[in-house]
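Student: Please pick a single part of this model and look at it closely. Then connect it to the rest in one go.

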Amino acid sequence: MLDLTSTLPVIDLSALNHPSQRSLTLDQIQSACKELGFFQVVNHGIPLSIMNDALAAATEFFNLSLEEKMPLLSDNVHNPVRYGTSLNHASDKVHYWRDFIKHYSHPISDWIHLWPSNPPSYKDKMGNYAEAVQVLQKQLMEVILETLGLNFGNLHNEIGEGNQLMAINCYPACPEPDLTLGMPPHSDYGTLTILHQSGPGLQLQDNNKNWLSVPFIEGAFIVQLGDQIEVMSNGRYKSVVHQVTLSAENKRLSIASLHSLPLNKKIGPAPELVDEQHPASYNEFSFRDFLDYISSNNIEDRRFIDSIKKSA
């Protein structure tokens, strides 16, 4: 088995500010995006206090009684705020073990009034976190586009006006963790997902279909490339397939900030990355197309990105 701590890259983002280290750091990010579609970042500029406050707010929310959370319950993927639980869904072919709340978060002034009012500190703590991660996402997108040789300026407005969906997950301790998962194998639809977690449990799939457990690093963020980056890069970079395993002893919380271009923005391979040797490998799609797809298809049977790949 691979030595996971050495094979899963950890990038020191502060090195980008040092001219002597910038080139090497860009090479590390490029390699991670090509090989795995994944890396962790440290020295990212977001205080640990903001990260811990967000986890504390999530803990308080999930500790509310079911009656208090029920008004937010919905299975409509278009709802701007929705609570869900897979702890009681009899229709699942495989039993998943997760509670979650999802809400749109950018621009925060458009959405925060819809977020949970209980616990009382939720909007403040989660709002501070969402705004900080939105800034980090723009920095990461600029760097990733640079490694592709693409001009960030051409996409600056669309990245700034894009969607930020916060998916806050609670995976309770599970009496039989080998018989179920917290989440099934999937890739994310957007550009980047920035993940904060309270402990280990995330696994990602490498090019050989091996599952690699992601080590937990206090204060680090996990960065996962989504389908929009794979399409934009014309397949040079890959969206990462990942899943969540469970623990018999420990509850795990995670806060996934899923970023994407605006809802109706059609995205296809960047023209600069298409030529006779590298024809366009994907059809255009938008975030709305993805929502429509998952409303009528089981993503365990077929990944969304497979539905937009051009046949050779």
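Tutor: Start with burial: a residue is buried under 20% relative accessible area, exposed over 50% and partly exposed in between (1.4 Å probe, protein chains only). The model is predicted, so local features need pLDDT of at least 70 and side-chain atom pairs pLDDT 80 or more, while totals for chains, interfaces and linings use all residues. Numbering runs from 1 along each chain as its sequence is written, and side-chain values use heavy atoms, without hydrogens or water.

The part to look at is I11. It sits in strand β1, residues 10-12. (Strands are DSSP runs of E, at least two residues; helices are runs of H or I, at least four; both are numbered from the N terminus.) I11 has a relative accessible area of 2%, so it is buried. What does I11 touch, leaving out residues up to four places away in sequence? The list is T25, Q28, I29, F39, Q40, V41 and V42. A contact here means heavy atoms within 4.5 Å. Take V42 from that list. I11 and V42 are separated by 31 residues in sequence, yet their C-alpha atoms are 6.3 Å apart.

The protein chain has 312 residues, and 51% of them are buried. Its secondary structure comes to ten helices and twelve strands. Contacts between residues at least 6 apart in sequence can be sorted by separation: 75% of them join residues at least 24 apart.

Q228 belongs to helix α8, residues 227-232. Its relative accessibility is 0%, so Q228 counts as buried. Leaving out residues up to four places away in sequence, Q228 touches Y189, G190, T191, S260, L261, I267, F285 and F287.

Next, helix packing. Axes are lines fitted to C-alpha atoms, for helices over the stretch in contact; angles run from 0 to 180 degrees between N-to-C directions. Helix α3 (residues 48-62) and helix α6 (residues 122-147) have axes that come within 8 Å and cross at roughly 140°. That angle makes α3 oblique to α6. (Under 35 degrees is roughly parallel, over 145 roughly antiparallel, 65 to 115 roughly perpendicular; the rest is oblique.) On the α3 side, the contact uses I50, M51, D53, A54, A56, A57, A58, E60 and F61. On the α6 side, Y122, K125, M126, N128 and Y129 meet them. By class, the residues of this contact are ten nonpolar, one polar and three charged. (Nonpolar covers Ala, Val, Leu, Ile, Met, Phe, Trp, Tyr, Cys and Pro; charged covers Asp, Glu, Lys and Arg; the others, Gly among them, are polar.)

Helix α6 also packs against α7. There the axes are 11 Å apart and the angle is about 155°. The two helices are therefore roughly antiparallel. From α6 come Q134, Q137, K138, M141, E142 and L145. They meet F152, L155, H156, I159 and G160 in α7. This contact divides into five nonpolar, four polar and two charged residues.

Last, salt bridges. One is a side-chain nitrogen of Lys or Arg within 4 Å of a carboxyl oxygen of Asp or Glu. The count by this rule is five. One of the pairs is E158 with K265, whose closest N and O atoms are 3.2 Å apart. It links distant parts of the chain: E158 lies in helix α7 (residues 152-160), K265 in the loop between β12 (252-260) and α9 (287-296), and 107 residues separate them. E158 has 22% relative accessibility, so it counts as partly exposed. K265 is partly exposed too, at 29%.

D289 and K266 form another salt bridge, 2.7 Å from N to O. D289 is in helix α9 and K266 in the loop between β12 and α9, so this pair ties together parts 23 residues apart in sequence. D289 is partly exposed at 26% relative accessible area. K266 is partly exposed at 42%.

K309 and D306 also meet in a salt bridge, with N and O 3.3 Å apart. K309 is partly exposed at 38%, and D306 is partly exposed at 29%.
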